Amino acid sequence: MATIGLAAMLETLHPRDAVELAVHAQEHGFSGVMATDRFQPWTPRQGHAGFVWDVLGALGERTTGDLGPVAVPGSRMHPAVLAQASATLAAMNPGRHWLGVASGDAVDEHVTGDYWPEAPGRIARLFEAVEIVRKLFAAPAGRDVRFSGHYFRLEATRLWTVPEAAPEVLVATGGPVTARRAGRQADGLITMAAPPERLQVLLDRFAAGAREAGKDPDTMPKVVQVPVSWAPDLAQAEENVLANPPIGAARLPRSDLRSPHDVAAVARLLRAEDLAGRVLVSADLAAHAKHLQRLLDLGFDRLYVHDAGPDARAWIDAYAAEVLPALTR
């Protein structure tokens, strides 16, 4: 069975509200939560940036579905610390936690003052971090791990609190080269909703990489984050998405921007066509069901959805009534 979960956008939600919203979503048929790893919001208007691991800990106590972040290993959080946080969450929530990792954006990662790599360097750093995390997860009891790479060093150490089963490590990617590498080196794939032909290329490259590593791609998690904008009136749905655009899904030059004020200045140039094919904007709940079904039919088995509107509970209630029951999973 595929998962239709909630994407908890911690840049727009107070941590308490994020937990209560996830509880409400679970009560109305959503299963699982993906939470964003933010140090700053994308724009000042969004107003929040709670620490994702605290929120996930609270979610573990208040919900029963799967839960995980899209976290960024780097100078803000060394891969060893990330592995410790993930292992602890998995130990507290057996069988529920997965670890998503991404290369990140400067708006969050510049805060330590370290050098911000160009895109190829960010990807290389990401996969070096994945190697460290997986080594720590896989180390036999009582055995230390060492690592010396281009971006990270790890002196002899181990994880002392470990779960019965290591969390799946899922790599977030939007490009075919990274998707193929994720198939080889990770347990699964995370991506953002996009036109079907683009997503199909990512899935094909991911499957090719998995087969190169002797793995079966059909058994590996394939996750997609799905931004939507729904309101009973189409004009309101359009207004909502431009007032609070899903920056991660938009065609914006955002990766090197360091300030939420700078991102906001760029986002003011956003037009509806910049979201076409990436964000469904519709008042028709049947269109929303069709949109999600298309992603399931492509081969994604976990969809985490978030809405651009100001009333997330009303959106969840509408989905519970007319969208989730219409899906074939």
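Trainee: Let's start with Asp 262. Where does Asp 262 lie?
Mentor: Asp 262 lies in helix H9, which covers residues 260-267. Keep in mind that this is a predicted model.

Trainee: Now Ala 243 and Arg 45. How far apart are they?
Mentor: Along the chain, Ala 243 and Arg 45 are 198 residues apart. In space, the C-alpha to C-alpha distance is 9.5 Å.

Trainee: Which helix holds Ala 243?
Mentor: Ala 243 is part of helix H8. Ala 243 is partly exposed, at 30% relative accessible area.

Trainee: Which residues of H8 are buried, then?
Mentor: Ala 237, Asn 240 and Val 241 are the buried residues of H8, a helix that spans residues 234-243. Look down the helix axis and those buried residues fall within an arc of 95°, so they line one face of H8.

Trainee: What happens at the start of H8?
Mentor: There, a side-chain oxygen of Asp 233 comes to within 3.1 Å of the backbone nitrogen of Ala 235.

Trainee: New topic: His 288. Buried or exposed?
Mentor: His 288 counts as buried, because its relative accessibility is 0%. You'll find His 288 in helix H10, residues 285-298.

Trainee: What does His 288 touch?
Mentor: Leave out residues up to four places away in sequence. Then His 288 touches Val 228, Ser 229, Trp 230, Leu 280, Ser 282, Tyr 319 and Val 323.

Trainee: What about Asp 108? Where is Asp 108 found?
Mentor: In helix H4, residues 106-109. Asp 108 has a relative accessibility of 3%, so Asp 108 counts as buried.

Trainee: Which side chain does Asp 108 make a polar contact with?
Mentor: That of Arg 38, at 3.2 Å. Beyond its neighbours within four places in sequence, Asp 108 is in contact with several residues, including Asp 37, Phe 39, Gln 40 and Arg 76.

Trainee: On to H5. How many residues does H5 have?
Mentor: H5 has 20 residues, numbered 119-138. From first C-alpha to last, H5 reaches 29 Å, close to the 28 Å expected at 1.5 Å a residue.

Trainee: Which residues are buried in H5?
Mentor: Among them are Gly 121, Arg 122, Phe 127, Glu 128, Ile 132 and Phe 137. The buried residues of H5 pack against helices H3 (79-92) and H6 (176-185), and against strands S4, S5, S6 and S7.

Trainee: Which residues line the largest cavity?
Mentor: The lining includes Leu 6, Ala 22, Phe 30, Val 33, Thr 63 and Asp 66. Helix H1 (residues 15-27) supplies the largest share of the lining, three residues.

Conventions. Residues numbered from 1 in each chain as written. Predicted model: local features only at pLDDT ≥ 70, side-chain atom pairs only at ≥ 80, totals over all residues. Heavy atoms only, no water. Buried < 20%, exposed > 50% of the residue type's maximum accessible area, 1.4 Å probe, protein only. Helix = DSSP H or I, 4+ residues; strand = E, 2+ residues; numbered from the N terminus. Arc of directions from axis to C-beta. Polar contact = N/O pair within 3.5 Å; in protein donor to acceptor, adjacent residues only side chain to side chain. Contact = heavy atoms within 4.5 Å. Expected span 1.5 Å × (residues − 1). 1 Å grid on protein atoms, 1.4 Å probe; cavity = no way out; pocket = protein on both sides within 12 Å on 5 of 7 lines; lining within 4 Å.
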